[in-house]
Amino acid sequence: MSQEILKRNNVIVKGNGQQVIMFAHGFGCDQNMWRFVTPAFEDHYKIVLFDYVGCGKSDVSAYNIDRYSSLHGYAQDVLEICEALKAEEIIFVGHSVSAMIGLLAAVENPDIFSCMVFIGPSARYINDIDYTGGFSYEDLEGLLEVMDNNFIGWANFLAPVVMKNQERAELTEELVESFCSTDPVITRRFAKVTFFSDNREDLSNLTMPCLILQCSGDAIAPEEVGLYIHDKVKGSTFEKMNATGHCPHMSHPEETIELIQKFLNQTTY
Amino acid sequence: MNTEMRVKLGVDDNTIIGSQFEDLLTVGSRIFFQTHFYPLIKMQNSAREIFLSFKGPTDSVPVLLNVEVKSFEKSVEIYCGGMIISNRNRFEKELIEAKRVAEETLAENAELIAVKDALMEHQHKLESQFRKLKSLKEQQQEIFKIITHDLQEPLRKAVFISDFLLSRLHTLDAAALADKLTRIIRCTTQMREMLLTLQRYEELENMNLRYHPIELSLVLREAIAELNIEDDPGIMVTYQESNPIFYADQYLLTHFFIELIRNSIHNRDNQKEILKIEISILETRKNVFLESADKYQFEKFVKITYLDNGEGFLTDSSRVFQILQRSEQFNKISIGMAFCKRIVEKHLGTIVAKSVKGSGVGFTVFFPTNQSSES
């Protein structure tokens, strides 16, 4: 069973340390996006990398619409991997939507995590009364439209939804190259689950040290949102980065590494 | 940026120099840029035929873009070339629209929805049956064990002592006779208590739940009053005052906490001056299917965490909920924990026990927020 899960999520374990640090990729990419950051942790940590089901080199045939129609389903991936590895005292580093996925996993089973690092998190992307998420419904419809336009070339996007496309290996291969994701239909669903989620109520349930890395001028997770999360997660640490954009671990790996290490050195767990 | 593009986007040199690429995009495209386009270029140094919408003076401008990154010793140059695909885009939009309509029609097909709903309902019934079956199987095994083992022991003793009495009837004096008879009574009392325990369990089994909106602090206050420990300086129970509301049988829930607290008192660590019990509750979502493989429906649950600083259980934590506790630290006829488990199961909830690192016992209990019972 545990071997199946490690294969399903394309789990890679490396590094020379004992303390487990788990890196979870955000929407739109896979574990490759951590490659500028992980070398800095290899000497002292056991690094766990994985792809969510439907992303990267995961087993697409394990995709279950009901399970992955909620971020709780993605949180099950995290929990099942931790269980399969029998990992404890885990440092969880989540980018973008993975911050909230990690949060849900940590609320469900707080005993296996020691602390959380959120990179560019958002508790809700859509504006609400007394809450600025940064986007309107129309904006996000626009995203889906752009995605549709980019995926239209893929045969199985316009064809009836077939989730298991093993017999179309060459197509999958090509997709991996171009979008870091295996299946446009799944990616579109993931986009919907991500950008239409609302986890504001869950924030106050987190009971462990938490670092929030906020980029400057992040178009996806604006500073108000980062500060909102900082306000709701008791005892969290907020760091405003010089890094711009939404992917500081790719664009500014040094600063990202430095801030994570500073937090880990200061945190007693 | 060449003149053609500046004209199409309606920007001039002064405003464009120094601005970010993504500032030229529509909001949807900006998200796509950050989540897909940027990682792609960062990792592969090039991208081909990517669709992005630019902000135009009147309407958005659909563009198919190629990007190439050239790295030099001290600098990086990024070349973008693209073409406006308004016409192609129009056709594609029609295709996508047709796909959307087809999907919608499929999704809104009334018969399909009805069948799907019926299927879901059956799945829920099946899940409930699975759980009941599992629970019944566990109970059956335990009751079997009680009959073949626990009840046998006092019965064997009683028969043995009776035989002994019969054979020595004329030689025993009154005091010895009384002693033997007392031992027989002790054996039968023990058997009677076991049978009463089973009877209590049976009563719980057949009880129908009566749902009430539950405010946890009120239930806890009642349980504490019932146990008469409000004024005991040696016992400190802490809990939040305002809590999420959920639906459960108030009578059974109160008894659930009475049993848990009683268990903590029984197993308190005498080295510690004060027995501390911490109870907290939060609202979350959880898959309602436990026993049905690969079925998912995330519904609202309350998660109750119960921690004490007692001795913890020395036995395997999976045995905590057995009907008859055979370990020394539990009162042999106390079936409290088994009761607790049944109460939770009747609400279609779950309970897990563990000995917490350091010391003490921890229970994690999930109750569905809304009414859902086994029947």
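Predicted model: local features only at pLDDT ≥ 70, side-chain atom pairs only at ≥ 80, totals over all residues.
## Chain A at a glance

Residues are numbered from 1 along each chain as its sequence is written, and chains are lettered from A and ligands numbered from 1 in the order in which they are written.

Among contacts in chain A with a separation of 6 or more, 74% are between residues 24 or more positions apart. Here, a contact means that the C-beta atoms of two residues, placed from the backbone, lie within 7 Å.

## Strand pairing in chain A

Let's follow strand S3 (residues 46–49) of chain A. Strand S1 (residues 12–14) of chain A runs antiparallel to S3(A), joined by 3 bridges, and A:Val13 stands opposite A:Val48. Strand S2 (residues 20–24) of chain A is parallel to S3(A), with 4 bridges between them; A:Val20 stands opposite A:Lys46 there. Strands are said to pair if DSSP finds at least two bridges between them.

## Where the chains meet

The domain assignment divides chain B into domain 1 (3–106) and domain 2 (211–368), with bounds that come from an automatic or database domain assignment. Taken over C-alpha atoms, the centres of these two domains of chain B are separated by 56 Å.

In the contact between the chains, chain B supplies 33 residues and chain A supplies 36. On the chain B side, helix H3 (27–44), strand S1 (46–55), helix H4 (86–108) and strand S7 (275–287) each give at least two residues. H3(B) gives the most, with 14 residues. By class, the chain B side has 15 nonpolar, 9 polar and 9 charged residues. In this scheme Ala, Val, Leu, Ile, Met, Phe, Trp, Tyr, Cys and Pro are nonpolar, Asp, Glu, Lys and Arg are charged, and the others, Gly among them, are polar.

## Two sheets in chain B

One open sheet of chain B has 3 strands in the order S1-S2-S3, with antiparallel pairing. S1 and strand S3 (76–84) of chain B are at its edges with a single partner strand each, so one side of each has no neighbour in the sheet. Neighbouring strands are turned by 35° against each other on average, direction ignored. S1(B) pairs with strand S2 (residues 60–71) of chain B over 8 bridges, and B:Ser53 has B:Pro62 as its bridge partner.

Another open sheet of chain B has 5 strands in the order S5-S7-S8-S10-S9, and its pairing is mixed. Its edge strands, S5 (235–239) and S9 (350–355) of chain B, each pair on one side only. From one strand to the next, the twist averages 20°. S9(B) and strand S10 (residues 361–368) of chain B run antiparallel and are joined by 6 bridges, with B:Val361 as the bridge partner of B:Ser355. Helix H8 (residues 216–227) of chain B lies across S5 and S7 of chain B and runs at about 165° to S5(B).

## A helix pair

Two packed helices are described by the angle between their axes and the distance between the axes. For helix H9 (residues 250–266) and helix H10 (residues 336–346) of chain B, the axes come within 9 Å and cross at roughly 145°. Axes are lines fitted to C-alpha atoms, for helices over the stretch in contact, and angles run from 0 to 180 degrees between N-to-C directions.

H9(B) passes H10(B) in a left-handed crossing, in which the near helix is turned anticlockwise from the far one by less than a right angle (clockwise would be right-handed). The residues that meet include B:Leu252, B:Phe256 and B:Leu260 in H9(B), and B:Met337, B:Phe339 and B:Ile343 in H10(B). This contact has 7 nonpolar, 2 polar and 2 charged residues.

## A buried loop residue

B:Phe289 is in the loop between S7 and strand S8 (298–308) of chain B. B:Phe289 counts as buried because it has 20 C-beta neighbours inside 10 Å. Not counting residues up to four places away in sequence, B:Phe289 touches B:Glu127, B:Lys295, B:Tyr296 and B:Gln297. The C-alpha atoms of B:Phe289 and B:Glu299, 10 residues apart along the chain, are separated by 9.9 Å.

Conventions. Buried ≥ 20, exposed ≤ 12 C-beta atoms within 10 Å, placed from the backbone.
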